[in-house]
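Please read the following note on aromatic rings alongside the model.

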Amino acid sequence: MRKLVATLALVGGAVSFTACDSFGQAMTSHTDVLARAAGHELSVEAATNLLVPYPQVPAKAEVVDAIANLWVDFTLLALAASEDSTLNNIDLSPALTPYFNQQLVFKLRDKVISVDTTMTDAELRALFDKEQPGATVRARHVLLQLPPDATPAQRDSVLALARSIRDQARAGADFAELAKKWSQEPGAAQSGGDLGYFPFEGPGAMVAPFSTVAFATKVGEVSDVVETTFGLHIIKVEDKKVPDFETTKEQFRQAAVASKLADAEKTYLDQLMAEKKMVVQDGAVEVARELARKPEQRLSRRASNRALVKYEGGEFTAAEYLSIMQSRGVEQRAQVSEATDDDLKDWLQMLSRDEVLIDRAKAAGIAPDKAEEDSLKSQAHMQLVQMSKATGLNPVQVAPGQDKKQAIEAAVMTYLTSVLKGEMQIVRLGAVGYSLREKYDAEVFEKAVPAVVSQLEAKRPPAAPAGFPNGMEPQLPQGTPPGQAPAGGTPPAGGQ
């Protein structure tokens with residue numbers, strides 16, 4: 001079971017930093033250039049003219065920024081292809097290293113976690129009877145709502161009524177009639193409080209307190225008063241269905257084994273966290289948000305070495321975190337930006353834990369499978385070459401009267417125009433794009449973004465519909481090796 005390190009990184013709200021510890025590049029004092037890439041420039045005027053014919057593309061700062069970053073990535077890709085059509089000059093390590101690191105952790109798991117997963121049929125049957133997997137319950141209930149600002153007296157009054165209804169039901173009163181008379185659930189007068197069949201958890205399940213009591217109550221019995229966020233409930237269980245053991249035995253055995261392994265993994269990881277005493281540093285949450293929002297930033301040496309998490313024997317730095325963010329997709333980075341501070345602290349601790357596990361694997365002499373490593377590198381490289389050809393950037397055709405620089409700029413604008421028209425899909429280079437930015441000089445100037453937005457609004461007709469061709473939203477490149485689906489960790493969910 002490949003679960004060890006649930007947040008292994010395979011791979012915004014903006015935050016201001018002081019000048020002595022900045023995580024953003026210095027902004028140009030000019031606002032007529034939106035982006036530069038290895039001597040090529042995307043002017044504000046050119047970007048505006050690119051977007052004006054497509055009113056379905058919103059005139060918003062985040063859209064302009066995304067288009068600028070796409071322009072940078074594909075200009076650099078076209079430049080690399082013009083220098084070497086095989087693209088052997090592009091370092092694919094940032095895209096592939098996270099995958100190889102995960103393989104190290106899988107191998108470490110197999111080495112350090114040993115669990116006896118054998119179970120006799122009798123043991124399996126006892127566990128099946130206890131857990132009742134796949135069981136569903138049919139129940140009726142009476143709901144009495146509690147006002148959010150209920151006084152103690154009001155609460156006592158509603159509770160007394162709930163207990164009275166419970167006692168009547170237990171004494172033999174028709175439960176459906178009680179529900180029709182008293183339940184404040186919409187439709188109860190017609191349904192008699194009937195909820196039909198529902199599982200303990202998952203799709204169609206009730207809220208946790210309700211479900212727990214319903215499944216603990218025997219068929220034909222009436223529960224005590226149960227409180228949930230909806231109010232006070234009295235539940236009567238009318239039927240319960242449990243799958244046949246013999247029919248589902250092997251499937252349940254596999255689930256039971258997986259559960260044992262998961263428990264063993266959790267114990268190992270909990271011990272690791274306690275041993276390392278990981279502490280999220282002051283200001284780390286703000287840095288995490290900023291780098292998730294702008295992963296294309298280049299960090300100064302001081303900023304790169306800043307510890308986000310310290311632990312016994314090491315630390316997790318901003319540079320390491322940025323590398324992870326660069327291998328994450330747009331949607332995942334957005335989750336990080338929108339997460340609560342507490343969720344982000346947990347996230348940083350888990351990423352630090354992953355780093356410790358990778359170090360332990362390497363210290364134990366564990367290494368990626370060489371044949372698999374070579375095969376994946378070959379596949380990734382082949383797909384990158386195919387993609388560059390499909391976008392018309394490899395080779396770039398030099399027309400009469402053009403030099404190579406002009407031909408690259410024209411080819412990139414042709415590709416972006418095809419994307420805006422909906423004729424081609426957006427191809428996201430992800431971590432490969434950041435490799436290109438390390439190889440060549442490139443920058444998007446945030447101060448120029450409002451100028452493009454302003455010119456778009458001025459040149460377009462009013463009330464232009466919002467959207468994007470074929471439902472495609474322009475986004476910064478996502479970070480997945482070509483042809484390799486991301487696996488491993490899930491960023492923290494956005495705060496509610």
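Does Phe-215 count as buried or exposed, and at what relative accessibility?

1. At 14% relative accessibility, Phe-215 counts as buried, where buried means under 20% relative accessible area, exposed over 50% and partly exposed in between, with a 1.4 Å probe and protein chains only. Phe-198 is likewise buried, at 1%.

2. The model is predicted: local features need pLDDT of at least 70, side-chain atom pairs count only at pLDDT 80 or more, and totals for chains, interfaces and linings use all residues. Residues are numbered from 1 along each chain as its sequence is written, and side-chain values use heavy atoms, with hydrogens and water left out.

3. Eight aromatic pairs are present in the structure. Rings of Phe, Tyr and Trp (its six-membered ring) pair if their centres lie within 6.5 Å; planes under 30 degrees apart count as stacked, over 60 as edge-to-face and the rest as tilted.

4. One of these pairs joins Phe-74 and Tyr-415, which are tilted at 50° with centres 4.8 Å apart. Phe-74 belongs to helix α2 (residues 61-83) and Tyr-415 to helix α16 (residues 404-421), 341 residues apart. Helices (H or I, at least four residues) and strands (E, at least two) are DSSP runs, numbered from the N terminus. Both Phe-74 and Tyr-415 are buried.

5. The ring planes of Phe-198 and Phe-215 meet at 75°, with centres 6.2 Å apart, so this pair is edge-to-face. Phe-198 lies in strand β4 (residues 194-199) and Phe-215 in helix α8 (residues 208-216), so the pair ties together parts 17 residues apart in sequence.

6. Ring pairs also link Phe-198, Phe-200, Phe-210 and Phe-215 into a cluster.
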